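Colleague: I would like to learn how to read a model like this one, feature by feature. Could you give me the general idea each time and then show me the case at hand?

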Amino acid sequence: MIAEMREALQAVLGDVSEPILLAGGASKEAWAVDAGGERLLVRRAAGGVIHRHTLSLEHEFEVLKAAFEAGVKVPRPILYIESLEGREAFVMERLEGETIGRRIVRMEAPTQLPLQLAEELAKIHAIPRDRLPFLEEAQLERMMDELDDVGDPHPAIELGLWWLRENRPERREPVVNHGDYRIGNVVIDENGLVGVLDWEFAHIDDPVRDLGFGLVRAWRFGVDDKRLGGIADADAYVDRYNELTGLDVGPQELDYWELAGNVAWAIGCLTQAQRHLRGQDRSVELAVLGRLGAEVEYEICHLLEKLAT
Amino acid sequence: MSERPTAQELTEAIAEFLGGEILPTLDDQRLRFRTLVAMNALSIVYRELDALPPEDDSERRELARRIRAGDVEPGTLARVKADVEARLRVNSPRALERY
């Protein structure tokens, strides 16, 4: 497998080192390879069926290019490959640093990290929509469709969705959303943010959707009292974002989108488990997510209690 | 049937993992044997679970349907939370300690 991959990569990149398959990523493979003195990462489709609201690698590569052009800190996009050993793939720069959430929250977090997260997000939200015409606009209704598609009853998620329908904030002009902007999808080193990864959930949405998603408890990796990804409270992050974008996101709106993020992730756990249960991608890891979703449902209840007082 | 994967589906996933991903990597004859024994033990659990009646989720289903329809009576949140808490005691009891 490795020899074939090396040969296939050599056909497009010239002489390359022996590719190493990196751990993690249920729906995508990641190969580390060096070519022409450059450290590269090859992101390639895995065998399973792609979730219907994730981008194809071709579109993800387009989003990465647009982000790079907009000056967002991202791995430099290099090449899209329609068929690499029979599956689509793209090549990008391989950034150095830490991506594992559990480790990041235990690092001596650079004090500027919350500000850097706000700065990159402001740049992402400034990417012109018409640069990425294939991106779909998300709605609350889409989450209900996804839940219906799972088919099992989840009253806590229903209650979260009901509250979100009843308490919609005033509509903001939708922007390009990263879609999964949080600790775990960014590269961090001792100087802070190195790059933003994993653009497969990019879509058009309310800007505060992206801003609030990083506050979801699941992305605090056990450091629950630090609302922003287990690294800091949210104040400096939101203030900096408001300053850069000219928006006036306040605490209530942030609470709304933190709840929305939890509802989205609770449904995400169920749809991941469905990939296992429907035989698209058999894996204990995906199966167990179906049960761990109860943690997110509990958080939904906890947030709803706070919102009711 | 409400909590998915069911206990039986979880044993199935573990058995597939052991047989498909672990066993082929083992050269040590003793470990190979013990893994096969573990898989056999899992298949006992699987068959035992097969004999149990399926969980009745009609109440949960009705509650979900009513909330979707916008019929949210006072006390709904407390009821829903108690149900999630009971599931969490099985699925991830340590998560409860963090509140």
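This is a predicted model: local features need pLDDT of at least 70, side-chain atom pairs count only at pLDDT 80 or more; totals for chains, interfaces and linings use all residues.

Modeller: Let us begin with a helix: in α6(A), the residues A:Pro155, A:Ala156, A:Ile157, A:Glu158, A:Leu159, A:Gly160, A:Leu161 and A:Trp163 are buried. A residue is called buried if 20 or more other C-beta atoms, placed from the backbone, lie within 10 Å of its own, exposed if 12 or fewer do, and partly exposed in between. Helices (H or I, at least four residues) and strands (E, at least two) are DSSP runs, numbered from the N terminus.

Colleague: What do the buried residues of α6(A) pack against?

Modeller: Contact here means that the C-beta atoms of two residues, placed from the backbone, lie within 7 Å. The buried residues of α6(A) pack against α5, α9 and α10 of chain A, together with α3 and α4 of chain B. As for its geometry, α6(A) has 12 residues and reaches 16 Å from its first C-alpha to its last, close to the 16 Å expected at 1.5 Å a residue; the expected span is 1.5 Å times one less than the number of residues.

Colleague: How many residues of each chain are in contact with the other chain?

Modeller: In chain A, 26 residues are in contact with 32 residues of chain B. On the chain A side, α6, α9 and α10 each supply at least two residues, and α10(A) gives the most, with 13 residues. By class, this side of chain A has 14 nonpolar, 4 polar and 8 charged residues, where Ala, Val, Leu, Ile, Met, Phe, Trp, Tyr, Cys and Pro count as nonpolar, Asp, Glu, Lys and Arg as charged, and the others, Gly among them, as polar.

Colleague: How should I read a nonpolar core, and which residues have the most contacts inside the largest one?

Modeller: In soluble globular proteins, nonpolar side chains tend to be buried together. A nonpolar core is a set of buried Ala, Val, Leu, Ile, Met, Phe, Trp, Tyr and Cys residues joined through C-beta atoms within 7 Å. The largest one has 97 residues, and those with the most contacts inside it include A:Ile157, A:Ala266 and A:Ile300; α9(A) gives the most to this core, with 13 residues. Leaving aside residues up to four places away in sequence, A:Ala266 touches A:Ile157, A:Gly293, A:Val296, A:Glu297 and A:Ile300.

Colleague: Which strands stand at the edges of the sheet?

Modeller: Strands of a sheet pair through backbone hydrogen bonds, either parallel or antiparallel, and two strands are counted as paired if DSSP finds at least two bridges between them. In chain A, an open sheet of 5 strands has the order β1-β2-β3-β5-β4, with antiparallel pairing. Its edges are β1 and β4 of chain A, each with a single partner strand, so one side of each is left without a neighbour in the sheet. β1(A) and β2 of chain A pair over 2 bridges in the antiparallel sense, and A:Ile20 stands opposite A:Ala32 in β2(A).

Colleague: Is A:Gly250 buried or exposed?

Modeller: A:Gly250 counts as exposed because it has 12 C-beta neighbours inside 10 Å, and it lies in the loop between α8 and α9 of chain A.

Key:
Residues are numbered from 1 along each chain as its sequence is written. Chains are lettered from A and ligands numbered from 1 in the order in which they are written.
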